Structure formats: C-alpha cells, structure tokens
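Biologist: Hi, could you walk me through the charged contacts in this one? I'd like to go through it bit by bit.

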Amino acid sequence: MLFAAALLCESRSLRAANETPRLIFDGTEEEFSRLPILAKVEAIGGKVVHRVKLSKGFEGEDQIFRVQIVNNGDTDVSIKKLVSSCGCTLAQPKDREIPEGGVGYVLVRLLRSRVGGFEEAVTIPLAGREHQGIFEGTTVRRISGPPEVEFDSKGTASLKISVIDPEIDIAALSFVVAGNHAKVVDKHSEAETVTLELSWNRRTRFAESLLLVPKLQSADGDAHLIPMTIRTRFSGMVRVVPTSLYIREGVPPRIFLFGDLSELTSKSSNADDPRLDVHCTILPQGGQGPPRQCVVSAKIKALKGVVSLTFDKEAFSDVASGSVVSAELYGSSARFSVYPIDS
C-alpha cells in the first residue's frame, strides 16, 4: 500500500452511485501517475485561488484527479489539514512533507451526487497561505423522465424515459414506484427510450407527485440510480372519502371527493345553492340480486382541493346494508359502500 487517499481504482471516472466513497488506495505509482493534474499550486508567490472548469458528467460518477504542489521556496513545507466544501468532495495529500524544490500531490475525489451546476472547493494551507481549489461543472442525469405524468379515468398512464448515458444496458434497467401509490405493470424499450405502463392504486390517496426509482442490474448487484420526482395529473379519476358511508335516519349523508374535480367545481360556482342530480347504480352485497338504478340529489360545495357532496337525508335509506354505490360524476365514477344504522 502506497498511501491513504481517495481512490478506488485507476479509472478517472467511477460509476458507483450506490457506494459510499472510501479513503483507500492500494494501487501502484504507475496507476497514480495516470490520474490527470487539473491544478498547480506554488508554495511561494503565485495565485492562491485556482479555478478549474470540469467537463460535463453524469450523476453518480466519481471524478478523481490530482492537484500538483510545487515547493519553489528555500525550505521544506508541510500540508497539515485539508478542508473540503462538502462531504461529496474528498481530498488527501499523497505527500504531507515536500522538500525544498520538490513536487507533491493532493488527490481529490468528487462525487457528482446532484443534478445541475455545482461549485466545490478544497482549501490547502501551505507555507503560511491558504490556497483554494474551486472546481465547477455540470452534472446531468443518466436517465431522464418527463416533468409530469397523467393518469386516465381507468387509473393507467404511459411514461417515457430517455436513456442518456450510452453505457447503460437498457435490458438491465428496471423501475419501481416508491410507496404504495402506483406500480409499473409493463416495460418496453425502443432505441434510447423506455416506455413504462403505470397503474394507480385506487385505494390510496391522490398524490401531487410520485417518486420513480430506477435500478440498474450489474454483476455486483443492483445499482440504484438517482430517483426522479414526477408530478401527477388525474383525468376523470375521483376518490371518495369515506369509502364506507353510514346512513343515520334524518341525517344527510356526505362524501368528499378528490382528484379531477374541474367539472364539479364549475357546477358549484354556477348557482347560489348549487345542486346536482347524481345517477347511481346500486350493487347489492355479494351480488345478491340485480343492480338497480336511482337518482339522488346532492348539494355541492367546493373546498380547497376537495368537493363535498351532501345528499338529501332520504338518500340511500332503502339500500341494503353493505351495498356498493357507483355514482356517475361527469364521466367519472365514485364508489362507496352504504351501511344504514339505527338511530
């Protein structure tokens, strides 16, 4: 082992998004000498701010390079402590003591953990002065998705993912949706595009966005890429709260609706006392008997992000306990179970 430094192998760019950087190097001097020198620091005189523009790179890449330290003074110099701007930038000297007229190196390892522009710094105290290496660049996604996905009235959606990194094997790429909001039911690819077919879980609440987690299979196991947050829209989908409606004699039953409510919201603003005739299909519990149709009147009230429907107090009073009501609402349907109870 030559020295402790921020290096895992001789590669200048390590694809290790799912690994924590380690301060270990057990390579050879030849391997070390192949790392690029991106900045040169002089102990005496010269500038103390060294700004370096890095090439564009992909998320999760480790970029490893050297800073050359030139002792142009007439006495030995030492590097006591390096300070980096954040935990994604690691730095350690190969040579803590540099003799008069000698050359040493500081090894820098920068992990591109965030997409977008960045500026990271390493401070090197040397011969009574503080030198600062400022490394700036841009990180792009290895894969990219749209800002928004729209679910239709059946709760399905198609999502196209662009594979930007040519080193990614599309066949080894898979996706899951975090949480229990939706699931990936199918995946097919063409050229540099992966199309995902999604299905929304109708039992869960509507969410403003979903978190799509990509995984890349490799010989060493799954490599997790950076998840993507994608906004959601719901076309013709309505969720009912509560899903079990208890009917008490003389008390108007009420439900709350979430989702695509644009039509209902416009109805609620068109009259002083807006009401709606709701066409319902009554499905007896366990299929015991044929479904029947009815029309019930409800008062509409628009709240923030939700619409309430308050039915007339006689509504569903003759419906058998446990029956399912499917209410048609301008192309959408709201389903809930009905349970009459004694006063």
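Predicted model: local features only at pLDDT ≥ 70, side-chain atom pairs only at ≥ 80, totals over all residues.

Biologist: Which residue forms a salt bridge with Glu-148?
Modeller: Arg-233 does, with the closest N and O atoms 3.8 Å apart. A salt bridge here is a side-chain nitrogen of Lys or Arg within 4 Å of a carboxyl oxygen of Asp or Glu. Glu-148 lies in strand E14 (residues 148-151) and Arg-233 in strand E21 (residues 228-234), so the pair ties together parts that are 85 residues apart in sequence. Helices (H or I, at least four residues) and strands (E, at least two) are DSSP runs, numbered from the N terminus.

Biologist: Good to know. How many salt bridges does the count come to?
Modeller: The count is 14. One of them is between the side chains of Arg-51 and Glu-136, at 2.8 Å from N to O.

Biologist: Is Glu-136 buried or exposed?
Modeller: Glu-136 is buried, because its relative accessible area is 19%, and buried means under 20%, exposed over 50% and partly exposed in between (1.4 Å probe, protein chains only). Arg-51 is partly exposed at 48%.

Biologist: Switching topic: where is Leu-261?
Modeller: Leu-261 sits in the loop between strand E24 (254-259) and helix H2 (262-268). With a relative accessibility of 9%, Leu-261 counts as buried.

Biologist: And what does Leu-261 touch?
Modeller: Leaving aside residues up to four places away in sequence, Leu-261 touches Val-238, Gly-305, Val-306 and Val-307. Contact means heavy atoms within 4.5 Å.

Biologist: How much of the whole chain is buried?
Modeller: Buried residues are 43% of the 343 in the chain. As for contacts between residues at least 6 apart in sequence, 61% join residues at least 24 apart.

Biologist: Last one: how many helices and strands does the chain have?
Modeller: The secondary structure comes to 2 helices and 29 strands.

How values were computed
Residues numbered from 1 in each chain as written. Heavy atoms only, no water.
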